[in-house]
Amino acid sequence: MELTLLGHSCVLIEAAGSRVMIDPGNFSAFSDITDLDAILVTHQHADHLDPEQLPALLQRNPGASLHTDPDTAEILAREEIPVTRTQPGEVFTIGGLTITPAGSQHAVITEYIPRISNVGLYLTAPGEPAFFHPGDALDAEVPGDVDLLGVPVNAPWCAVKETVEFVRRIAPVAVLPIHDALLTEPGRDIYLRHIGGYGKEDGVPVHDLHGAGTLTL
C-alpha cells in the first residue's frame, strides 16, 4: 500500500491494483492527479469536497467512480453528477480493495449548526495493511484491526483530549496526521507530540507526510 497526503484530509491510496482518492477538498492540491479508479468523499464540507474543482477532477479521471455520504450524494444528484451513496456497513469494492463505510454523522461543531452525514472509510485488501479515514467524526465503530489510522489533528469540532482518546480506542499500529490546514507549524508540532506520545500507553508511531511525499506500508 502506498499513501500520498495531498494536503489537509486528501489522501491518495494505491493498493491491490487500485488507485483511489479520499476527500479532495479546497485545502488540498490534486490538479495533476489522473488514472483514478475511484473518488471517495466522507462528507460535503468544502475542505473535503471542493465543488469548484470536482468537475475538472472527474473530467481528468473519466474511469473513476464517485462514492459519497448520503447528504453529499443528494446534492450532487441535483447537479446531475453520477454518484453512488456510501451507507454505514454497506461494503463495496474497487478492484481488489474492499471498502467498509463506518459512522453516520459529522461531529458536533456547535449546537447552533445542524449536523450532516459523515461516513468514514475502512480500506482493506488481502496481504495489504488496513487503513481507516474517519472524515470529521471520532465515534465510528471500525469493523476490524487498523494498521494506519488517519487522525484529524485540528478542527473547530475537536479537542486534542478527544483525539487522543480516539486513537486509544481504535488502537492502530501507527497514525497518519490529517486535517491540519488551520495550524501553524509550531502549533502542529505540539498536536503531533500529544497524539504520538499519548495515543497508546507507550506512544504510537506517527507517519507525518506533511510535505514528505509517499509512504509505503
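Me: Which residues in H4 are buried?
Reply: Gly187, Arg188, Leu192, Ile195 and Gly196 are buried in H4. Buried means under 20% relative accessible area, exposed over 50%, and partly exposed in between, with a 1.4 Å probe and protein chains only. Helices (H or I, at least four residues) and strands (E, at least two) are DSSP runs numbered from the N terminus.

Me: What kind of model is it, and how are residues numbered?
Reply: It is a predicted model, where local features need pLDDT of at least 70, side-chain atom pairs count only at pLDDT 80 or more, and totals for chains, interfaces and linings use all residues. Residues are numbered from 1 along each chain as its sequence is written, and side-chain values use heavy atoms, with hydrogens and water left out.

Me: Back to H4. Why do its buried residues line one face?
Reply: Seen down the axis of H4, they fall within an arc of 160°, so they line one face of the helix. The arc is that of the directions from the helix axis to the C-beta atoms. Pro186 and Arg193 are exposed, on the face turned away from the buried side.

Me: What do the buried residues of H4 pack against?
Reply: They pack against strand E11 (148-152), helix H3 (160-170) and E12; contact means heavy atoms within 4.5 Å.

Me: And E12, is that enclosed or open?
Reply: E12 is largely enclosed by the rest of the structure, because 5 of its 5 residues are buried. Ala174, Leu176 and Ile178 are on one side, with Val175 and Pro177 on the other.

Me: How do E11 and E12 pair?
Reply: In the parallel sense, over 5 bridges. Two strands pair if DSSP finds at least two bridges between them. Proline 177 in E12 is the bridge partner of valine 151.

Me: New topic, the open sheet. What is its strand order?
Reply: The order is E6-E5-E4-E3-E2-E1-E13, 7 strands with mixed pairing. Strand E6 (84-85) and strand E13 (214-216) are the edge strands, each pairing on one side only. Within the sheet, E3 and E4 pair in the parallel sense over 3 bridges.

Me: Last one: how many residues are in the largest nonpolar core?
Reply: That core has 24 residues, and Ile13, Val20, Leu40, Leu123 and Phe131 have the most contacts inside it. Another core, of 23 residues, lies apart from it and includes Phe132, Val153, Trp157 and Leu183. A nonpolar core is a set of buried Ala, Val, Leu, Ile, Met, Phe, Trp, Tyr and Cys residues joined through side-chain atoms within 4.5 Å.
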